[in-house]
Amino acid sequence: MATELKRCLSLWEIVVYGVGLILGAGIYVLIGPAAGLAGNLLWLSFLFAAIVAGLTALSYAELSTIFPKSGAEFLYVKAAFGSEAIAWVIGVCALIIGISTASAVAVGFARYFGFFLISNPILVAIILILLMTLINFWGIEQSARFNLLATIIEVSGLLIIIGVGLYQLIIGHLSVPNYMELPSFEAEGLSRYIPIASAGALIFFAYIGFEDIANIAEEAEEPLKVLPKAFMYSLIISTALYVLVALVVVAVIPSTELSLSSQPLSAVMEKLIGGLSDNLIALVALFATANTVLITLIVAARMLYGMAQAGSIPAPFGKIHSRRQTPWFAIIIVGFLALTFLGFKKIEVLASITDVGVFVLFFFVNVSNILLRYKQPQTDRPWRTPF
């Protein structure tokens, strides 16, 4: 009988996990409202959000080398606060975030699926969660292969927009906007940048996902070396793609018009290439949402497994399948809970649960990193947060 998870993920496989989660489906929706706030300085809002996300990523990078195990946030808080109860609450919070995200994105998948075939959205979401739970159980290598395929498709959709858009800017088919133009806002001094910060706060949620890298530490080949790099690389790659997309979209469609579109990137693609662009974006979104569901289910199951290994919850949650080397019992429970969360039906309710949970989680992770610097100064830190 297997007693530990299978270590098989290389640095770049973990980076692909991170990029796939960060890109997700957020940019396909958020970029419109953000453009309405920031105008031509949309690119700066993406950079602002990346810096804010990066600060927490630095804490995760350091803590993941001290505790390279599943159940990451639970372990960080337990060591920093010395309280099993507080750690348990944070672990459950992380678990709820993963499950609610999986359910919310599954509903989003069903909406995009309806673009190709009229069907019952909840039934489609149920089938997707069951299928992704099966892949999760089958093995981390199989999950990594699906993730690679889905992430390539996600990135390709954005690269089409970037490539075609930049080409048309270079040859003069599109007018180059003033990328330093502040949005109209009745204020002076630094207050004039309030819309940029507001857009950055909105865009921040397009960066959520990098933190889940910490919970696949026990399946990384060399966690102490690769995890900090994976956090940084996934954020840098995603930010580069986001900024380039932002530069293109405001050149294709004025920001005020873009903000009124319910499918902003579809509108941009329609302007750039026409034809079946709507179908293309919908297809990309299907892979993006399915990929997010899979990874969040994986991470939630690893949280349960990690808490069981630490003795905080019943031992069966820490059971590993003898052949698949996956935490099969935790996977089944997480899949079941994701199905029950579909009872909320409204994606907005599920998204709100995720938003609140993420703020709580990030706060405790950053505080834990600071506390451990004082409480355990002699602890070996293969990677340290600068400054």
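Biologist: Which side chain meets that of Glu84 in a salt bridge, and at what N to O distance?

Modeller: The partner of Glu84 is Lys78, and the two side chains meet at 3.1 Å, N to O. A salt bridge here is a side-chain nitrogen of Lys or Arg within 4 Å of a carboxyl oxygen of Asp or Glu. The model is a predicted one, in which local features need pLDDT of at least 70 and side-chain atom pairs count only at pLDDT 80 or more, while totals for chains, interfaces and linings use all residues. Residues are numbered from 1 along each chain as its sequence is written, and side-chain values use heavy atoms, with hydrogens and water left out.

Burial is judged by relative accessible area: under 20% is buried, over 50% is exposed, and the range in between is partly exposed (1.4 Å probe, protein chains only). Glu84 counts as partly exposed because its relative accessibility is 34%, and Lys78 is likewise partly exposed, at 28%. Elsewhere, salt bridges with shared partners join Glu62, Arg373 and Arg381 into one network.

The structure holds 6 salt bridges. In the one between Arg373 and Glu62, the closest N and O atoms are 2.8 Å apart. Arg373 lies in helix 14 (residues 347-375) and Glu62 in helix 3, so this pair ties together parts that are 311 residues apart in sequence. Helices are DSSP runs (H or I, at least four residues), as strands are (E, at least two), and they are numbered from the N terminus. Arg373 is partly exposed because its relative accessible area is 27%, whereas Glu62 counts as buried, at 0%. Arg381 also forms a salt bridge with Glu62, at 3.0 Å from N to O. Since Arg381 belongs to the segment after helix 14 and Glu62 to helix 3, this pair ties together parts that are 319 residues apart in sequence. Arg381 is buried because its relative accessible area is 8%.

Another charged group faces a ring: the charged end of Arg324 sits over the ring of Trp138, 4.3 Å from its centre. The criterion is that NZ of Lys or CZ of Arg be within 6 Å of the ring centre and within 35 degrees of the ring normal.

Rings of Phe, Tyr and Trp (its six-membered ring) pair if their centres lie within 6.5 Å; planes under 30 degrees apart count as stacked, over 60 as edge-to-face, and the rest as tilted. Tyr60 and Phe231 make a tilted pair, 5.9 Å centre to centre with 35° between the planes. Tyr60 is in helix 3 (residues 42-66) and Phe231 in helix 9 (residues 223-252), so the pair ties together parts 171 residues apart in sequence. Both Tyr60 and Phe231 are buried. The pair of Trp328 and Phe329 is edge-to-face, because the ring centres are 5.8 Å apart and the planes stand at 85°. Trp328 is partly exposed at 27% relative accessible area, and Phe329 is partly exposed at 24%. Ring pairs also link Tyr60 and Phe231 into a cluster with Phe67, Tyr76, Phe204, Phe210, Phe359 and Phe362.

Helix 9 also holds Ala230. Ala230 is buried, with 0% relative accessible area. Its C-alpha lies 7.5 Å from that of Trp12, although Ala230 and Trp12 are 218 residues apart in sequence.

Ile171, found in helix 7, counts as partly exposed at 39% relative accessibility.

Finally, the structure holds 0 disulfides, a disulfide being a pair of cysteine sulfur atoms within 2.5 Å. Cys8 counts as buried at 12% relative accessibility, and Cys93 is buried at 13%.
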